[in-house]
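Here are my notes on the model, as numbered points. Please read them with the coordinates open.

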Amino acid sequence: MNLLFSSQEETILITIIAVYFVFLFGLSLFVNRNVKTYEDYNVAGRSTKLMPLVLTFVGTAIGGSILLGYMTKGYLFGMGQQWLAIGFTLTSIVIAAFMLKRIRFLGKKYNMVTMGDFTALRFGEGARIPTVLSVLCAYAAITGMQFVAIATILKLTIGLSMTTGIIISWVLLTLKTYFGGLKSVMIQDAIHGTIQTAGIFFLLIVIMFLVGDWGALADQARNAEGGNALSIFNISPSEFFVYMLTIGAYQFVRQDLWQRFWAANDDKTASTGFWSAIVLGFLTAAVTIFIGFLGKFGLNMTNIDPSLIYYEIIGQVLPFSLVVVMLIALLATVISCADSFFLAAASSIVNDVVKPRIGNVGDKKMLTYSRMSVVLVSVISLLLALYIPQLVTLWITGTAMLVSGLLAPVLFGIFWSRTTKFAGLTAMWAGLIVAVLWQIAGHPFGLHPVFIGLPLSVITLVTLSLGSKAEKEDTVFSDLKKIG
């Protein structure tokens, strides 16, 4: 598929995209003037205000793979795919209601920068390594996915080869993240979050205006092959549980989310910002799925590549000037997700691998190590993007690793005082290793790795905790009693 622009339109598009990237890089350099400390770089100096926080939550949650992937799912399978949006919304509500206050309190008291800081506090320094492995695999893979997503946009619009596009996106994203850190990322997320949200809702309004006959659309969807595409319950139980235990459960152990909780300037800002983002994020994801559904049953786009539904829709319903706007909205979506995961993975390396081994060397040195970690993650992500075509599979594996290795230790570590350090650490390794081996083995018996790794992690943790002598109350629970 090619959007088939004229040479003049291609020139205009190339110019606008180039100016946009130069603007982002310039903004990173501008913000860099105020990045003086290690905490400035990794948790935005713990001083972020409400609106930037809301938009960075949404910008990070709704990435390019989600925007394009969810729209494709809606196109292929109908409204039952709304459980993609519902899944992460339900878990986000649990986080907001029961975990956010605790995460904020511990992060503030112990100056936490990564999830490894929490697992090390709760289960000992040995917990940093399995935490880093889980985070790095998932986040480096999804960063690589964003390189591929940007390259795909450039290929479809201005004809660049995939390899050239990947390298260009790698250079630009690495440079802007290297100089700006989380402060720059969050400022840019505020811009990107606004563009992507406005763009998606604008596209919905245009399509709804064009569809017109909703009765015919509903009849066609009810009679679609494979069942009722109009029904939200048009989803198999196994598919539902995979969504809930990967995309849903993954929210509990998203390091970028924890870092944004710690980056807020106070507890009220963190809470209000996250609740607002839950609502806005759900609406954005739900609308994205609905647009894919409308493309098939409202616009009757049947003989197309489903993975290119976004490009097909904007090419069919919008004039060139607005196509450009929607392509910039897509780029904004990809970039806001890429740099956030980029920085989260780099933070894990510098905070959980480098820092414990070099001790307290001062802010200037740690800032240098932080930037070097960004370069290291960028190279890993670039190699994944260039040489491993199954990036989605790798990302799903990474998500399964995060959930299988970290979910039980983190949740039990926060809420069950009986959890022992040995049990938590053993459960992390057990869930992590089994999830990886199950993926390598090719999903024996058709079971997703998370259905094996997570139960094993839970059973290991509970069995070892109950089977050993109760430890003295952990520092975490002594601290949490102070907030109720």
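1. Phe-445 sits in the loop between helix 17 and helix 18. Helices here are DSSP runs (H or I, at least four residues), numbered from the N terminus. Phi of Phe-445 is near 60°, a positive value in a residue other than glycine. Most residues other than glycine have a negative phi. Phe-445 is exposed, with a relative accessible area of 78%. The cut-offs are: buried under 20% relative accessible area, exposed over 50%, partly exposed in between, with a 1.4 Å probe and protein chains only.

2. His-443 belongs to the loop between helix 17 (421-440) and helix 18 (450-466). Its phi is positive too, about 60°, although His-443 is not a glycine. His-443 counts as partly exposed, because its relative accessibility is 27%.

3. A word on provenance. This is a predicted model, in which local features need pLDDT of at least 70 and side-chain atom pairs count only at pLDDT 80 or more, while totals for chains, interfaces and linings use all residues. Residues are numbered from 1 along each chain as its sequence is written, and side-chain values use heavy atoms, with hydrogens and water left out.

4. How do helix 14 and helix 15 pack? Helix 14 (residues 320-358) and helix 15 (residues 363-387) have axes 8 Å apart, at an angle of about 130°. Axes are lines fitted to C-alpha atoms, for helices over the stretch in contact, and angles run from 0 to 180 degrees between N-to-C directions. The contact (heavy atoms within 4.5 Å) includes Phe-342, Ile-349 and Ile-358 of helix 14 and Met-366, Tyr-369 and Val-377 of helix 15. By class, the contact of helix 14 with helix 15 has 13 nonpolar, three polar and one charged residues. Ala, Val, Leu, Ile, Met, Phe, Trp, Tyr, Cys and Pro count as nonpolar; Asp, Glu, Lys and Arg as charged; the others, Gly among them, as polar.

5. Helix 11 (residues 255-263) also packs on helix 14. Their axes come within 9 Å and cross at roughly 85°. Helix 11 and helix 14 are therefore roughly perpendicular to each other. Gln-255, Asp-256, Gln-259 and Arg-260 in helix 11 meet Ser-340, Phe-341, Ala-344, Ser-347 and Ser-348 in helix 14. The contact of helix 11 with helix 14 divides into two nonpolar, five polar and two charged residues.

6. Next, helix 1 (residues 7-32) and helix 8 (residues 162-211). Their axes come within 8 Å, crossing at roughly 110°. That makes helix 1 roughly perpendicular to helix 8. Among the residues in contact are Tyr-20, Phe-21 and Leu-24 in helix 1, and Phe-179, Ile-187 and Ile-191 in helix 8. The contact of helix 1 with helix 8 has 14 nonpolar, six polar and two charged residues. Glu-10 is also found in helix 1. Glu-10 is partly exposed, with a relative accessible area of 26%.

7. Which residues touch the most other members of the largest nonpolar core? They are Leu-203, Tyr-310 and Ile-313, in a core of 138 residues. A nonpolar core is a set of buried Ala, Val, Leu, Ile, Met, Phe, Trp, Tyr and Cys residues joined through side-chain atoms within 4.5 Å. Helix 14 supplies the largest share of this core, 20 residues. Leaving aside neighbours within four places in sequence, Tyr-310 is in contact with Leu-67, Leu-68, Met-71, Leu-203, Met-326, Ala-329 and Leu-330.

8. Is Thr-197 buried or exposed? Thr-197, in helix 8, is buried, with a relative accessible area of 11%. Beyond its neighbours within four places in sequence, Thr-197 is in contact with Val-58, Leu-280 and Thr-284. The C-alpha atoms of Thr-197 and Thr-333 are separated by 8.9 Å, at 136 residues apart along the chain.

9. Leu-283 lies in helix 12 (residues 267-297). At 38% relative accessibility, Leu-283 counts as partly exposed. Leu-283 and Ser-348 are 65 residues apart along the chain, and their C-alpha atoms are separated by 31 Å.

Notes:
Helices (H or I, at least four residues) and strands (E, at least two) are DSSP runs, numbered from the N terminus. Angles under 35 degrees count as roughly parallel, over 145 as roughly antiparallel, 65 to 115 as roughly perpendicular and the rest as oblique.
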